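Subject: Structure handover

Hello,

Here is the structure I promised to pass on. Please open it alongside this note.

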Amino acid sequence: MAATLKDATAVVGIGQTAFAKRLPESEKELACRAVLAALADAGIAPSEVDAFSSYTMEETDEVEVAKAIGAGDVTFFSKIGYGGGGSCATVGHLAAAVATGQASVGVAWRSRKRGSGPRPWKNTAVQLPTPGQWTRPFGLLRPADEIGMLARRYMHEYGATRDHLFNVAMACRNRANENPAAMMYERPLTREMYMTSRMISDPLCLFDNCLETDGALACVIVSAERARDCRHKPVYVHSVAQGLPAQHHGMVNYWNDDPLSGPAWTAARHLWKHADFGPQDVDVAQIYDAFTPLIPLSLEGYGFCGRGEGAAFTEGGALEMGGRLPINTGGGGLSEAYVHGFNLINEGVKQLRGISTAQVPDAATCLVTAGEGVPTSAILLRS
């Protein structure tokens, strides 16, 4: 019988710092605070940690975190590339390490000072990476420009409108308005505000773009057996996947026959193949939302609707509480905080513990996705 990761491990601790446009602490201090909070939540001593996973874009490496928190000998460590595309893969890598005996207590984290720090595309002193040589000289300077181009293509092909993008922004803002930890708590959004806001990269307006945030989050992964003795109800890692399509070109998918069939489609096929349930059985979803168009694209890629139907899926309050698929119940990257998608992982855990500020009744299954448009990852969680 083939080895499987299905339900072999569980998330037993989550932690986070405050989220703000500007925080005084360094990224290292924020990282350590989030990690220690997650370990305290799990009831596990820092000295028991023997595995770490984060992003290649993480400025604080595992050596510094391990020393600062007082970890013991570390036997597994990994970093995943492609920014927000790596978020769920951090959990997946640790799940594989724990399930195969390479480690016993894994910590995944992301710390970022994107709110008070520099914007990456402003650095003109370094040579452009090869993909950037096919975009930036032609005006696609920022991720918003690249996704804006894909969004316009999607609108042209399938009749999506700005009203559909507003449905996404509104659903995330409504959930943030219920979450005291969210940057947009008590800051409601209206359709008039959305439609009259300034354009960032046509057709994407201000509210189609994620927040700029200082903050950090972490989670703790152990075996399913050990999880039963931890402080909280285990949240099992049911299925994991990463996805890099053939002939992929980050964000813009220049070389694909269909630029709108992004990495989500590749990840989804692997994710569902190893799961005991399908899209129709997902109670709540935390879908990566650096930009609103990523939601309809992901809804299609992960099988919640057919090709070209993602925009229409958002109609009639489908993404709201009580709708067909409540999403991003903490507010997501659009309205809670943007920390490369890690808050979506922790929110998925909160839902299955039953402690979310926008709790879906009796939620037992949750899809969490990483960034669409770049090599990506996803996890299925179950209680």
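Below is what turned up, taken topic by topic.

One caution before the details: this is a predicted model.

Salt bridges

The whole structure holds 19 salt bridges.

Start with R382 and D7. Their closest N and O atoms are 3.1 Å apart. Is D7 buried or exposed? D7 has 18% relative accessibility, and the limit for buried is under 20%, so D7 counts as buried. R382 is partly exposed, at 27%.

Next, E64 and K28. Their side chains meet in a salt bridge at 3.2 Å, N to O. E64 belongs to helix 2 (residues 62-69) and K28 to helix 1 (residues 27-42), 36 residues apart. E64 is partly exposed at 27% relative accessibility. K28 is also partly exposed, with a relative accessible area of 35%.

Then R307 and D258. Here the closest N and O atoms lie 2.8 Å apart. The bridge joins two loops that are distant in the chain, its residues being 49 apart. R307 is in the loop between helix 9 (294-301) and helix 10 (310-313). D258 is in the loop between strand 8 (235-243) and helix 8 (263-273). R307 is partly exposed, at 27%. D258 is partly exposed too, at 26%.

Finally, K21, R114 and E212 are linked in a network of salt bridges.

Aromatic pairs

The count comes to seven aromatic pairs. Take W134 and W255. Their ring centres are 5.6 Å apart and their planes stand at 85 degrees; the cut-off is over 60, so this pair is edge-to-face. W134 lies in the loop between strand 4 and helix 4 (143-158), and W255 in the loop between strand 8 and helix 8. They are 121 residues apart. Both are partly exposed: W134 at 46% relative accessibility, W255 at 45%.

F166 and Y194 make another pair. Their ring centres are 5.3 Å apart and their planes are at 55 degrees, so the pair is tilted. F166 is in helix 5 (residues 162-176) and Y194 in helix 6 (residues 191-196), so the contact ties together parts 28 residues apart in sequence. F166 is buried, with a relative accessible area of 10%. Y194 is buried as well, at 0%.

There is also a cluster: W134, Y254 and W255 form one aromatic group.

A pocket

The second largest pocket has a volume of about 340 Å³. How many residues line this pocket? There are 14, and E27, M57, E59, R112 and P120 lie nearest its centre. By type, the lining divides into eight charged, three polar and three nonpolar residues. Strand 4 (residues 106-113) gives the most to it, with three residues.

Helix 12

Helix 12 covers residues 342-353, 12 residues in length. From first C-alpha to last, helix 12 reaches 17 Å, close to the 16 Å expected. What share of helix 12 is buried? The answer is 12 of its 12 residues. Among them are F342, E347, K350 and R353. Just after the helix, G354 takes a positive phi of about 85 degrees.

Best wishes

Key. Residues are numbered from 1 along each chain as its sequence is written. This is a predicted model: local features need pLDDT of at least 70, side-chain atom pairs count only at pLDDT 80 or more; totals for chains, interfaces and linings use all residues. Side-chain values use heavy atoms; hydrogens and water are left out. Helices (H or I, at least four residues) and strands (E, at least two) are DSSP runs, numbered from the N terminus. The expected span of a helix is 1.5 Å times one less than its number of residues. Buried means under 20% relative accessible area, exposed over 50%, partly exposed in between (1.4 Å probe, protein chains only). On a 1 Å grid over the protein atoms alone, a cavity is a set of points where a 1.4 Å probe fits but cannot get out, and a pocket is an open set with protein on both sides within 12 Å along at least five of seven lines; lining residues have an atom within 4 Å of a point. Grid points are joined across faces, edges and corners, and a volume is the space filled by probe spheres set on the points. Ala, Val, Leu, Ile, Met, Phe, Trp, Tyr, Cys and Pro count as nonpolar, Asp, Glu, Lys and Arg as charged, and the others, Gly among them, as polar. A salt bridge is a side-chain nitrogen of Lys or Arg within 4 Å of a carboxyl oxygen of Asp or Glu. Rings of Phe, Tyr and Trp (its six-membered ring) pair if their centres lie within 6.5 Å; planes under 30 degrees apart count as stacked, over 60 as edge-to-face and the rest as tilted.
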